[in-house]
Structures are given as structure tokens and as C-alpha cells.
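Subject: Structure handover

Hello,

Here is the structure I promised to pass on. Please open it alongside this message and follow along.

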Amino acid sequence: MSIRNVPKVVIDNLQRSFERQINRLPTEYLRQFFRIKVGDDVQAIETAPTHRGLQNRKLKRAKQTLRMLENANNACPTSWNRMLDIAYGRKGKMKWELLDPLMVDPTAPLPERIIPAVEKSRPPSYTPELAALLTSSISRTAKALTPKSLQVPPSLPERADPNSEQAKLLGPFSKRREVNIHKRFFKEETAKILPPLQISALSDLTASGEESATTSHIRGTGLEATGLLEEVKAISGDPWKHPTPTLRGRQSASESPNTPSGELALPTHTTLPRRFLRRRFQQLLSRLPIVTHKPSMKTQSNAAEKKSGRFFVTRSAGALLSDRRNSVSHYPTASAADVAWYELAESEKKSPKGKKNTALQDIDKQKSEG
């Protein structure tokens, strides 16, 4: 039974519907990203063979993307989170494009073969960037791994060690199975990584005091010069600052040309509420790990010494976690007044019963004089 081609009018209507929804997206990057993605999807539909319904399946997937954009433009939080995950490489094709430069280190020595006569039996090697991402809970969708598990996968039985009791009782473990376990563990665990948008160096500071990722001895993801992370931070703003300024604040902002960067970064042509947009990008920041290279304390005289050091993973201060299990108490930084009240309360607890604290006596004295 032959399956008919998708009519040209259906593809044209789909493109027009996509264009209407893309024009409603709030940022220029989102509009450019989905225009490119839709162009690739439409081309895949037109060039797909008709046998086994492959063309219809690709059309169905494109319609799912269209419904996601429609729901996102109608202020659906779930669709917005999914759209941002696709656009910023939390899932999909872009995720692996960000991870590819970090998966292999051309300068690192090859690991030894598990099967001496087979070249493909070498276990996967973990680059320092990849090891930092795997051993941090910030950059993982699952539990963080231990450094030991990168050398010996937890799924590898004890029998693989020739000096173990099981190996002596049951015989040596199959080398082919050991190779397969190493490769399967590497593939499954790297799929649980949230890749960074850029990698920065702690020692390289710009004139504004921000960290720079354009260093010759550190491999990046290729997006360091785009400023995507800075754009997300600017739209998110300070999570503890009230997003809606007062009337006097709006009047002073309209009179003075210098307004806060976070307010300028918020899109003005969208119909979505400003608070809704800030919340979505603040939650996106919690899924964008920041990988920073900290050089060693030794003298950095050559490139080999510059590469020494370690990578550590952090989360942006403006990130808003959607779950309480992995979050610390989300409260603003204590001000001087908050610290003073806290110290006053602590000293009151330590003071003997029936005796007022001196600070409280001063307050009572000022009230009585007033």
C-alpha cells in the first residue's frame, strides 16, 4: 500500500503558522533559533521518502513543535520551559553540539587496551571538563557521580578484578563484557549532563571585572563570543528585586537616560507579563551550569602549566530552582540591618533571665525620651 506525499499546500500552511508564532517570541535569539530549526524541519519533510510513513512522522513532529510555540505564546509555563530547553541546548541536537568539544581531548594520552589485540577495546577517557560536569549535581539531571566511578563503573562486577575472591572462585571476567560495560556507562551518564553555554577562566578578567572565556589554553563550547549567558542573566535580573517599579521610579527612569540593565533587557514588544518572563529565565539559569577553570598556584610559565588546574561547576546567583529538594533557602542576602537584628536576638538569648540586654535598654530609653 503506497502512502501519498504530503501536499505542498500543507507545508506552506505549516510554514505560515510557524512564522506567526515565531514573530511573537520575545527575544531575537529565540526568533532566529526557531527560524533555522523550522527551516531544517521543513526541508526534512520535503526530502523524506514516502515509504513506511517517514514523511508523515516528520510532519507530525513539526506540528508538535508548532503546538509547543502556540502554548508558549499563550503563557504556558511547561511549554516555555521546554522551548527554552531546546533553544539553549538542554535537550535535543544542540545539547550534543555543546558537548562534542568537551568529550575528547586530542592532547591526552590514549588509555590502555582492555583486549590487547583489539584497538577498539580502549575504555572511554574523561576529559577534565567532562569529569567536572559528571561529578557535580548542578550539571546533572541525576545524582552526581563519584571520581572513583569514572575509573571503575559501579555496574562493573567485582569479578573483573583478577585479584578478587570472585575471580579466583569463578574464573576471569569476560574482557568483551568489560569493554561493553565501560562504553555503556559512558554513553548513559553523558546523556544526563546539562552542558554549559561557555567555559570561563578564573584568572582572565575583563576591564569590567567579569570573567572571560576567550583563552587559548581552554577549550570552549563555541558560544563564548555570543553573549547568550549574559543575555539570560540580564533578562532574569535580581530575583530579590521587585520587578515592577513604583510610579516615582518609572518617572525618574523616563527622565534619566541611564536605566538599569535588567530593565532594558526585558522585551517590550511581547504581550506576556514581565514577571512571567523573568520567572522562566530564572528557572532556565538553574539548568545552565557555569564551568570555570581555576589555574594552579604554581608559576604559569608555559602552556602545559597553564592547562594544569581544575574545573569547578557553579550556578548563577540569579537562578531560581523549581524544586526544594536541591535548593538552599531562597532568601535575599542579609543587609546590615538584618545582621544587627540577628545579633541582637542572639545576645538576648544568652543574657540572664530577668536582665535586659543593653541594646534593648537603649531602645527603651530613646522611646521614653521621645
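**Overall**

Please keep in mind that this is a predicted model. The protein chain has 370 residues, and 36% of them count as buried. Its secondary structure comes to 16 helices and three strands. Of the contacts with a separation of 6 or more, 66% join residues 24 or more positions apart.

**H1 against H3**

Start with helix H1, residues 8-22, and helix H3, residues 54-73. Their axes come within 10 Å and cross at roughly 25°. That angle is under 35 degrees, so H1 runs roughly parallel to H3. The crossing is left-handed.

On the H1 side, the contact uses Val10, Leu14, Ser17, Phe18, Gln21 and Ile22. On the H3 side, the partners are Leu59, Ala62, Lys63, Thr65, Leu66, Leu69, Glu70 and Asn73. By class, this contact has eight nonpolar, four polar and two charged residues.

**H2 against H3**

Helix H2 covers residues 28-47 and also packs on H3. Here the axes are 8 Å apart, at an angle of about 160°. An angle over 145 degrees counts as roughly antiparallel, and therefore H2 is roughly antiparallel to H3. This crossing, too, is left-handed.

H2 brings Phe34, Lys37, Ala44, Ile45 and Glu46 to the contact. H3 answers with Gln55, Lys58, Leu59, Ala62, Thr65, Met68 and Leu69. The residues divide into seven nonpolar, two polar and three charged.

**H2 against H4**

H2 has another partner in H4. The two axes are 10 Å apart and the angle is about 75°. H2 and H4 are therefore roughly perpendicular to each other. From H2 come Tyr29, Leu30, Phe33, Phe34 and Lys37. From H4 come Trp80, Met83, Leu84, Ile86 and Ala87. The class count is nine nonpolar, no polar and one charged.

How many of the residues of H4 are buried? Eight of the 11 are, so the helix is largely enclosed by the rest of the structure. The buried ones are Ser79, Trp80, Asn81, Met83, Leu84, Asp85, Ile86 and Ala87. They pack against H2, H3, helix H5 (93-103) and helix H13 (274-285).

Take Asn81 as one example from H4, which spans residues 77-87. Asn81 has a relative accessibility of 18%. The cut-off for buried is under 20%, so Asn81 counts as buried. Leaving out residues up to four places away in sequence, Asn81 touches Arg280, Gln283 and Arg287.

Now look at the two ends of H4. Ala75 sits in the loop between H3 and H4. Ala75 has a positive phi of about 65°, although it is not a glycine. At 30% relative accessibility, Ala75 is partly exposed. Just after H4, Gly89 takes a positive phi of about 75°.

**Ser139**

Next, go to the loop between helix H6 (128-134) and helix H7 (147-151), where Ser139 is placed. Is Ser139 buried or exposed? It is buried, with a relative accessible area of 0%. A polar atom of the Ser139 side chain lies 2.6 Å from the backbone oxygen of Leu133. Setting aside neighbours within four places in sequence, Ser139 is in contact with Ala132, Leu133, Lys192, Ile193, Leu194, Pro289 and Val313.

**His293**

Last stop: His293, in strand E2, residues 290-295. His293 is buried, at 2% relative accessible area. Which residue is 92 residues from His293 along the chain, with C-alpha atoms separated by 4.7 Å? That residue is Ala201.

Over to you.

Best wishes

Definitions and conventions. Residues are numbered from 1 along each chain as its sequence is written. This is a predicted model: local features need pLDDT of at least 70, side-chain atom pairs count only at pLDDT 80 or more; totals for chains, interfaces and linings use all residues. Side-chain values use heavy atoms; hydrogens and water are left out. Axes are lines fitted to C-alpha atoms, for helices over the stretch in contact, and angles run from 0 to 180 degrees between N-to-C directions. Helices (H or I, at least four residues) and strands (E, at least two) are DSSP runs, numbered from the N terminus. Angles under 35 degrees count as roughly parallel, over 145 as roughly antiparallel, 65 to 115 as roughly perpendicular and the rest as oblique. A crossing is left-handed if the near helix is turned anticlockwise from the far one by less than a right angle, and right-handed if clockwise. Contact means heavy atoms within 4.5 Å. Ala, Val, Leu, Ile, Met, Phe, Trp, Tyr, Cys and Pro count as nonpolar, Asp, Glu, Lys and Arg as charged, and the others, Gly among them, as polar. Buried means under 20% relative accessible area, exposed over 50%, partly exposed in between (1.4 Å probe, protein chains only). A polar contact is a pair of N or O atoms within 3.5 Å; within protein, one must be able to donate a hydrogen and the other to accept it, and residues adjacent in sequence count only if both atoms are side-chain atoms.
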